[in-house]
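Have a look at the fold below and turn it around a few times.

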Amino acid sequence: MIVAIAVQAGQTLYQFDIRGAFLCMPIDWEIYLKLPLGYEPPQGKTAKLLRSLYGLKQAQSAFHSLFESWLLCYWFTAIGGDRVTFLLSCGTSVVLLSIYVDDGIAATNNEKLYRQFLSDLSKDFELSDQGK
């Protein structure tokens, strides 16, 4: 959808990747672990997970909730019911963003606005800018 809109509106497309998106995200669920062979916990103790791990079923949900909250605080508006596409409108300038797992694609008519957004995003998330 974003590619079609960008082409029709003459906007520039950009890609980025959020590195380690599923690692160390806070989780809102109680999850207990079975410890690896060779490790013996103290008697009567269990291991409770405090942060998400890669491969954890809840990791994507935890990341998406955190990322969506960040976007909404940055004045993006969610578009559609799936909540993976967001719009930032500033006067005549727009940034249309879609996130899939930990990859983002953005269309914009103002490179300066997009670069500022990416700079601010990189303060809270480790990014890999894939460019145009």
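F125 is buried, because its relative accessible area is 7% (buried means under 20% relative accessible area, exposed over 50%, and partly exposed in between, with a 1.4 Å probe and protein chains only). Keep in mind that this is a predicted model, where local features need pLDDT of at least 70 and side-chain atom pairs count only at pLDDT 80 or more, while totals for chains, interfaces and linings use all residues. Residues are numbered from 1 along each chain as its sequence is written, and side-chain values use heavy atoms, with hydrogens and water left out.

Now find F67, which counts as buried at 1% relative accessibility. F67 and F125 make an edge-to-face aromatic pair, 5.5 Å centre to centre with 70° between the planes. (Rings of Phe, Tyr and Trp, using the six-membered ring of Trp, pair if their centres lie within 6.5 Å; planes under 30 degrees apart count as stacked, over 60 as edge-to-face and the rest as tilted.) F67 sits in helix α2 and F125 in the loop between α3 and β8, so this pair ties together parts that are 58 residues apart in sequence. (Helices, H or I with at least four residues, and strands, E with at least two, are DSSP runs numbered from the N terminus.)

An α-helix has 3.6 residues a turn, so residues three or four places apart point the same way. F63 is buried too, with a relative accessible area of 1%. By the ring rule, the count comes to eleven aromatic pairs. The rings of F63 and F67 are stacked, because their centres are 5.6 Å apart and their planes at 25°.

Let's stay with α2. Its buried residues are A59, A62, F63, F67, E68, W70 and L71, and they pack against β1, β2, β5, β6 and α3 (contact means heavy atoms within 4.5 Å). Just after α2, W75 takes a positive phi of about 80°.

So where does this packing lead? The largest nonpolar core has 30 residues, and F16, I18, F67, F76 and F117 have the most contacts inside it. (A nonpolar core is a set of buried Ala, Val, Leu, Ile, Met, Phe, Trp, Tyr and Cys residues joined through side-chain atoms within 4.5 Å.) α2 gives the most to this core, with six residues. F117 touches W70, L71, Y74, F76 and L97, leaving aside residues up to four places away in sequence. One aromatic cluster is formed by Y14, F16, W70, Y74, F76, Y114 and F117.

Next, the sheet. Six strands form an open sheet in the order β4-β5-β6-β7-β1-β8, with antiparallel pairing (two strands pair if DSSP finds at least two bridges between them). At the edges are β4 (77–79) and β8 (127–131), each pairing on one side only. Six bridges join β5 to β6, with T85 partnered by S98 in β6. β6 and β7 also pair over six bridges, and L97 stands opposite A106 in β7. In the hairpin of β6 and β7, which has two residues between the strands, V101 takes a positive phi near 55°. β1 and β7 pair over six bridges as well, and T12 has T108 as its partner in β7.

Finally, look at the loop between β1 and β2, where you'll find L23. L23 counts as partly exposed, because its relative accessibility is 44%. The C-alpha atoms of L23 and S52 are separated by 5.8 Å, although these residues are 29 apart along the chain.
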